[in-house]
Amino acid sequence: MPFEYFKVNNSLTTTLSEQIENEIKVQIANRTLLPGEQLPVMRLLSKNLGCGVVTINKALMNLKDQDILITKGNKGVFVADLTDSDISALNMDDLSDKIEEAILISRQRGMSKEDFINLVEILFTTLEED
């Protein structure tokens, strides 16, 4: 499947390169991007995501350092040959990040740990019934 473009959000606390890095991980985790698949060139990513090439390069290099992406000479940047276990780990990382964000928001709003856990249990039960 081809790369799906997304909007970066300047108002988030995470940097634009972190947002790009996270979104690429999500696309690999949900198999929108498959092992061996080529990403668009940096200039195209930069244009479509509305940020600089340096920002794109930083995100891609971080993913390369994590062995999630590889470069093939002048041919471009590709998704590494990841195992199912690697992809499961990406899913867990993404979910952990989202839960951590929810916890931080709940603390900002004065919610206790018990209230947060109760809310999660209620939502979990509600979703099981659907």
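**Fold and surface charge**

Author: Of the contacts in the protein chain with a separation of 6 or more, 57% are between residues 24 or more positions apart. Please bear in mind that this is a predicted model.

Reader: Understood. How many helices and strands does the chain have?

Author: The protein chain has five helices and two strands. Along the sequence they follow the pattern α-α-α-β-β-α-α.

Reader: And what does the C-alpha trace span along its principal axes?

Author: The C-alpha trace spans about 55 × 30 × 25 Å along those axes.

Reader: What percentage of the residues is buried?

Author: Buried residues make up 28% of the 130 residues in the protein chain.

Reader: What about the charges: how many are positive and how many negative?

Author: There are 13 positive and 21 negative charges in the protein chain.

Reader: Which residues form the negative surface patch?

Author: That patch is formed by Asp-93, Asp-97, Glu-100 and Glu-101.

Reader: Let us take Asp-97. Where does it lie?

Author: Asp-97 lies in helix α4, which covers residues 84–108.

Reader: Why does Asp-97 count as partly exposed?

Author: Asp-97 counts as partly exposed because its relative accessibility is 40%, and that class lies between the limits of 20% for buried and 50% for exposed.

Notes
Residues are numbered from 1 along each chain as its sequence is written. This is a predicted model: local features need pLDDT of at least 70, side-chain atom pairs count only at pLDDT 80 or more; totals for chains, interfaces and linings use all residues. Side-chain values use heavy atoms; hydrogens and water are left out. Patches are made of residues with over 30% relative accessible area and no salt bridge: like charges are joined within 9 Å, nonpolar side chains (Val, Leu, Ile, Met, Phe, Trp, Tyr) within 5 Å. Accessible areas come from the Shrake-Rupley method with a 1.4 Å probe; for residues, only the protein chains shown count as cover. A salt bridge is a side-chain nitrogen of Lys or Arg within 4 Å of a carboxyl oxygen of Asp or Glu. Lys and Arg count as positive and Asp and Glu as negative; His and the chain ends are not counted. The place of a charge is taken as NZ of Lys, CZ of Arg, CG of Asp or CD of Glu. Helices (H or I, at least four residues) and strands (E, at least two) are DSSP runs, numbered from the N terminus. Buried means under 20% relative accessible area, exposed over 50%, partly exposed in between (1.4 Å probe, protein chains only). Contact means heavy atoms within 4.5 Å.
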